[in-house]
Amino acid sequence: MTGLEHATLGVLLLIGLIIGPVLVYIERARRDRNLYVRRLPGVDAIDEAAGRSAEIGKPLVFTSGLTSIGPILYACLGVLFYVARKAARYKLRLLAPQCDPTVMAVIEETVRDAYRSEGRLAFFDPQSIRFLSDEQFAFAAGYMGLVQREQIAAAFLFGSFAAESLLLAEAGQQVGAMQVAATTSPEQVAFFICSCDYTLIGEELFGASAYLSREPVQLGSLYGQDRAKLVFMVLIVIGVLIATWNQSLAPYFWGPGAGLIPDVMYWLHYELWAT
Amino acid sequence: MKQWDLTHIDRRVIYLLVLLALSIPLALEYALKPARMEAAERAFAVVQDLEAKPGELAFMSLDFGPNSLAENKPQAEVVLEHLLRKRIPVALYSQYYLAEPFLESIPKTVVGRLEKEILGHFWEYGRDWVNLGYRPGGSVMLQNIAKSADLAELFKTDARGNNLRELPIFKGVAGLESVKLLAEFTSLVGGLDSFLQFFQKKGYRPFFIHGCTSITIPQAFIYLDSGQLKGLLEGIAGAAWYSLLLERAYPQRRPDAAQIINTGLGVAHMVVIALVLLGNVGFLIRGRN
Amino acid sequence: MNYRFRLIRIFTFLGGIYFFLQYVLPAKLGPFTFGKYHEEISNGFILMGAMAVGLGLINLLMVHGSRLVFRRTGWVNSAALLLAMALMIVITAADWLRTQKIAAQAAGLDMLAQFSRRISSDYQSQRTDVLPFWERNRLLLEAGSSQLAVVYESLEAAANLAGRSTDPALKTRLSAGLQETAAHLKETESLLKELELESSTASSMSPNEDLARALGRLQVSWRELLGLQYASSITRKVYDFLYQGLFMSLGAAMFALLGFYIASAAYRAFRLRSAESGLMMAAALVVMLGQIPLGVWIWYGFPELRLWLLQIPSTAASRAIEMGAAIAGLVMAFRMWLSIEPESFR
């Protein structure tokens, strides 16, 4: 579009195609809460981990790693709320070491709300929400020490992680904790798969929150995201077919560069999508 | 008997084997010919074909800390060396505060090596390279660079306090279109994405070479495949292959540490592979019994 | 509806729309510059984030302070942490103040250089709303003389330090710095004298231009010399020990732990339990052997196979994960912008 930067008609259209279904399905979920979400094995393990912690009498740990305030943190809060409610219900110790002070404040509020919703606000200990360090490896060292000292029964690693992911996961593994991890960083997924009992990959982190809470806004978002992915899949298939036609079949039939399809590709690339 | 159980080798034995595998080649300074890295070859070709007219320069962003020094430092050194050999002016910059010391130490090391190798030739600060220092702001700073019509006005001074307008390297430099090449070396998550998204303007994007740690190679390959990255140095292996290409292009060049570190890493890889195979042999034997 | 929530929603929406428009609108919309104060606004957000450090500090003091005061288990470790934190804060603050002082001292020369340049440019553009150039040159000379006296004093201090120092490397660097600064100082003095002689005539403004350049060179060399002097002080040595000796080295050591942990995790986890795990192991072996020198010895085809694996299946899978996560992130960001929150988080 003339005048705008980083925005073309195509990009704005795409944003509409992504956000539109989300808003529609949020409304639908508010009317009908029984929208189907497939079972996520790692999410079911959360109940198992909490049960294990109750049996052994050792604490649970929930960490969001290096996640800062943003969409990923909001996804983690849904799971944290569920875990904290479990901890409140069964009077388990929940430790939440954090890397970011602002995130720590948000986490504290969420855990407090969870305890309040179970009517166990008196059992909430603000000191269980700890700021370790905003330095990546200082945080990892603090977490590892905490895990070793407390001999935790279960660990939940949900959020953004970097190189320290394996250090955190191995620390829990060494004390025999049951670990459930979820991250959107593909490069850290491999480490979690090696060291954790269950791993949620990519946007399963966002789905976990909806699956656990059955909350209309989250369910509707999940449905809307899936429909948005359908849009992308259709676009990919169309793009692949056109590119294949241009590369292999069109020159055979009409000579190089000829035909309607190359013009369509040109318009799509340079007029509709190019920023 | 437990000590013959291949599925339960003591962790400490594994750590000792890895320690020996890494340290012996490094101590002996033994270098094997690295494996061919096509992505690093593409990066080499980009720099080899690069020409910078007066008022044009290359931009190098060192966004790594002491943690990933072993992988990112050799990458930065080989690319910087190549640019300096070609007399392409380089502006060094960082978005990560822990990288600040490297913005001086790395170019000084490379320049020292070059001046020893090519007697009578000098690389001068302010003409051939400049240290713009650590600039906070992350992607906001990158957006400002992309939107700026006068980079000297945006940065104002270098890390040493020199007014950039006084330096020959910035004579005639305008906005982003004066930056012919961007080379970014990082271990930070999100660093590459910020540059891809924001270090461009309408109708212009400089050539982008990226140096990453081994963990983020699959992610970087996405952008190499789409053409947004023109070259990629894959960890220390990429730096070692680039170093070899430099030796071939400039025969008088002495080998550097990249190939030695790569050899040590290769031996450690073999140890890990051997342990995995041993573990599986033990697993299969146990299953059969 | 609660007014607090309403206010939060309004501010969230306004903040989001501002950054979105700033990104998509061009720099200038006719006479209107949309992002005129963007840098200031962004700096404001960065500052707010930096203030969050205070939250972390309070939490550390509460957790470890109470453990120390009530002598709970591990109080010695808490004491060590608090002591280290206090020491680091004090030393870093002292280092920062000192480096700011050095920068401020050197900035005086830079201001004089800019003033000299401004005198020249104003004269050439024939500005009449400023003092006459000879009056401005007189002020420049006064300020320049007093500033050079300060530089002289610091040269004496640096020379004393070079004389006392037992470190040969520092001695050499200080001597070189002294020589360079002295040379630039002499050059600047002679240009000031030349300016004094020619300030009543307006034959050319080149003395001002030359003086500006000389002041710039003097500023750089003097700043380096002051930095060298500071580098030998106790504050700087303690800071270097704590930061580079301890903090950076410990960080590198923690990162190095990963190498060992990867080995033990791979040994423990890579078991041929199914066809999928066999496929994963084969892919891992190919990628590992394809990038090491010894792999090429085993089979020359490993690098090509590795490249194919990374370019085709791995890129496809990574793209899928990234796209999915990006869409989910976009949706979540949109929800945050419009404050469409789950009821449980209100």
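How many helices and strands does the secondary structure of chain B come to? In this predicted model, the count for chain B is 10 helices and 6 strands.

View 1. Chain A divides into domain 1 and domain 2. Domain 1 of chain A is built from two stretches, 9-33 and 220-273, while domain 2 of chain A runs over 41-213.

**View 2. Chain B on its own.** Chain B has 289 residues, and 51% of them count as buried. Now for the contacts in chain B with a separation of 6 or more: 78% of those come from residues 24 or more positions apart.

**View 3. Where chain B touches chain C.** Here 47 residues from chain B meet 40 residues from chain C. On the chain B side, the helices that each supply at least two residues are α1 (11-28), α5 (139-147), α8 (217-226) and α10 (257-288). Which of the elements gives the most to the side of chain B that touches chain C? That's α10(B), with 13 residues.

**View 4. Residue classes on the chain B side.** Sorted by class, the side of chain B that touches chain C has 23 nonpolar residues. The rest of the tally for this side of chain B is 15 polar and 9 charged residues.

Note on methods:
Residues are numbered from 1 along each chain as its sequence is written. Chains are lettered from A and ligands numbered from 1 in the order in which they are written. This is a predicted model: local features need pLDDT of at least 70, side-chain atom pairs count only at pLDDT 80 or more; totals for chains, interfaces and linings use all residues. Domain bounds come from an automatic or database domain assignment. Helices (H or I, at least four residues) and strands (E, at least two) are DSSP runs, numbered from the N terminus. A residue is buried if 20 or more other C-beta atoms lie within 10 Å of its own, exposed if 12 or fewer, and partly exposed in between; C-beta atoms are placed from the backbone. Two residues are in contact if their C-beta atoms, placed from the backbone, lie within 7 Å. Ala, Val, Leu, Ile, Met, Phe, Trp, Tyr, Cys and Pro count as nonpolar, Asp, Glu, Lys and Arg as charged, and the others, Gly among them, as polar.
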